[in-house]
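This report goes through a protein model element by element. The sequence and structure come next.

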Amino acid sequence: MSGTRSSLLRSTPFRLALTFAFLFLLAFILSGAIVYQLMSASLARQLDQSIKETYSLIAATHAEGDEEDLVSTVRDHAQFSQDKDEIFSLTDRNGNRLAGDFTASSLPDGFSIFAADLPGVPPDTQYRAYSGTVGGNKLTVAFSLSETEDLERIVLMSFGWATLFITVLAIGGGAVLASRVQRRLDGIANTMVDVSHGRLDARIPLTGNGDDIDAVSAQVNSALDRLSALVDGMREVSANIAHDLKTPLNRLQMILESAADKTVSGEDVSTELTDARAESQQINSTFDALLRIAQIEAGARKARFVDLDVGPVVETIGEVYADVAEDDGKSLSTVIVPDTKWYVHGDRDLLMQMLANLVENALRHCPPGTAIELSVTRAGNHVLIHVRDNGPGIPAEERDKVFRRLYRLDASRTTPGSGLGLSLVKAVADLHGAAITLEDRNPGLGVTVSFPAVGTPVTSSF
Ligand SMILES: Nc1ncnc2c1ncn2[C@@H]1O[C@H](COP(=O)(O)OP(=O)(O)OP(=O)(O)O)[C@@H](O)[C@H]1O
Ligand SMILES: [Mg+2]
């Protein structure tokens, strides 16, 4: 569909309506023709039967050697039929008329059809006749065909009118229905044109009758909702990134300016250079992290997913960070039910990275003396990984925001980091179809990542 108005003839609904009207008419005409045939055959049969009955009735009045009764019966019958729709003829051996309305000596024996010109009837009126010999004379009984013809004409006429009526109704009704459907299709096309011109808030109007077009339109509308939410989200994210990167870039600029000033007066600039290098390294790693999150979100890593036991992954992270925690004046313990396997479908490296980020957060944002605990449990058909601490925790109103890119609590402004750790955790969890919950441990933060489990937990028993 190219534009807003497509011509009715090119519209699919109208073509469909026409096709159905045509097929319906064809069926109607065919069945009509069959009905007509059957009806005229039955009428002809009935007429022949009546003629034959009348003939037999008259023939029965003939007594051997005495034609008087026969002649008078024929005469009576002929007189009785005033309008001449039944006519009779009785002729002798030589073809002379003995009684009746006409002379039928030339008609063959049995049934025949002939045209007669009789006084008081229209010229060339068609008659159906039956002739036979009664006592050496020829008796003919003929009934007018005009009544049957009239009946057939009436049937044919009503059939013709019905055909015309159906054709007009089918085309007219088809056009009305089709234009209604067409208007709704145009509504969809117009909305898509609006969207392609950048108006992402355009939506297909729904009629609310719940038909298939409404169902498809509702689906398209919800896809558009999601699209515009994504575009809005991306816009916000890029604005945030631009805003948050301004601070380190400004700092870098100030360091370089002070270095430039010092060079003019011949002072030593090695501190500035070291600071500048640290600052640009920080900017670099922020970009690396942003790119990494974008890559994970793109989903290509999913092709490398395997069924793996998360127990050893959690244990490895626990071992790697235990010493770091101790050096920092904190403790890290790992609680795993021995000889149990916790299978999930995922990527080992990404899961390591996720757990490392969570443990690093507990190390970085909690004071010395904090106890950190890593554990794995199972609830229903989910494998749960917990990272818990008894540090300051995250206030309830901030728990959604910390997953945003570059978002950090005010309390953490002075600690190193770029606010991307939890964004990456969220990206990895999403890729694994896992849900993350943050809870208050009074004091402390409890992070639970809930993965769909693969199979039942395997406990090896010895
Ligand atoms: N275990 C925790 N205890 C208290 N606050 C936390 C904890 N984990 C995260 N936070 C808060 O959430 C914020 C966002 O965490 P996130 O990991 O995204 O960024 P970051 O740790 O500041 O920087 P980095 O990008 O280096 O990870 C942190 O700045 C901190 O304020
Ligand atoms: Mg972090």
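## Ligand site

In this predicted model, 19 residues surround ligand 1. The closest are Asn 361, Arg 364, Arg 408, Ser 412 and Leu 420. Asn 361 places a polar side-chain atom 2.8 Å from an oxygen atom of the ligand. For Ser 412, a side-chain N or O atom is 2.5 Å from an oxygen atom of ligand 1. Gly 421 uses its backbone instead: an N or O atom there lies 3.0 Å from a ligand oxygen atom.

How much of ligand 1 does the protein cover? On its own, ligand 1 has 590 Å² of accessible area, and the protein covers 93% of that.

## Helix α8

Helix α8 spans residues 421–431. Gly 421, with its backbone contact to ligand 1, falls in that range. Eight of the eleven residues of α8 are buried, so the helix is largely enclosed by the rest of the structure. The cut-off for buried is under 20% relative accessible area.

Which residues of α8 are buried? They are Leu 422, Ser 423, Leu 424, Val 425, Ala 427, Val 428, Ala 429 and Leu 431. Their cover includes two helices, α5 (270–298) and α7 (348–365). It also includes two strands, β12 (435–440) and β13 (445–452). After α8 comes Gly 433, with a positive phi near 65 degrees.

## The mixed sheet

β12 and β13 also belong to an open sheet of five strands. The order is β7-β10-β11-β13-β12, and the pairing is mixed. β7 (331–335) and β12 are the edge strands, each pairing on one side only. From one strand to the next, the twist averages 15 degrees. Helix α6 (residues 310–327) packs on this sheet and touches β7, β10 and β11. The direction of α6 makes about 165 degrees with that of β7.

Inside the sheet, β10 (residues 371–379) and β11 run antiparallel, joined by eight bridges. One bridge pairs Thr 377 with Leu 384 in β11.

## His 386

His 386 sits in strand β11, which covers residues 382–389. Is His 386 buried or exposed? Its relative accessibility is 5%, so His 386 counts as buried.

The side chain of His 386 makes a polar contact of 2.8 Å with the side chain of Thr 377. Thr 377 is also the bridge partner of Leu 384. Neighbours within four places in sequence aside, His 386 is in contact with Glu 373, Leu 374, Ser 375, Thr 377, Val 447 and Thr 448.

## The antiparallel sheet

Another open sheet has five strands in the order β2-β1-β5-β4-β3, with antiparallel pairing. Its edge strands are β2 (97–100) and β3 (110–116), and each pairs on one side only. The twist averages 25 degrees from one strand to the next. Helix α2 (residues 68–80) packs on the sheet. α2 touches β1 (86–91), β2, β4 and β5 (137–144). Its direction makes about 40 degrees with that of β2.

Strands of a sheet pair through backbone hydrogen bonds. How many bridges join β1 to β5? There are six, and the two strands run antiparallel. Ser 89 stands opposite Thr 140 in β5. β1 and β2 pair over three bridges, also in the antiparallel sense. Thr 91 has Arg 97 in β2 as its bridge partner. Five residues lie between β1 and β2 in their hairpin. In that turn, Gly 95 has a positive phi of about 90 degrees. β1 is mostly covered, with five of its six residues buried.

## Strand β4 and its partners

Why is β4 largely enclosed by the rest of the structure? Because eight of its ten residues are buried. β4 (residues 125–134) runs antiparallel to β3, and seven bridges join the two. Gly 110 stands opposite Ser 131 in β4. Ala 116 has Thr 125 in β4 as its bridge partner.

β4 and β5 are joined by eight bridges and run antiparallel. Tyr 130 is bridged to Val 141 in β5. The β4 and β5 hairpin has two residues between the strands, and Gly 135 takes a positive phi near 55 degrees there.

Conventions
Residues numbered from 1 in each chain as written. Chains lettered and ligands numbered in written order. Predicted model: local features only at pLDDT ≥ 70, side-chain atom pairs only at ≥ 80, totals over all residues. Heavy atoms only, no water. Pairing = 2+ DSSP bridges. Helix = DSSP H or I, 4+ residues; strand = E, 2+ residues; numbered from the N terminus. Axes fitted to C-alpha atoms, helices over the stretch in contact; angles between N-to-C directions. Contact = heavy atoms within 4.5 Å. Buried < 20%, exposed > 50% of the residue type's maximum accessible area, 1.4 Å probe, protein only. Near = heavy atom within 4 Å. Polar contact = N/O pair within 3.5 Å; in protein donor to acceptor, adjacent residues only side chain to side chain. Areas by Shrake-Rupley, 256 points an atom, 1.4 Å probe, with all protein chains shown as cover.
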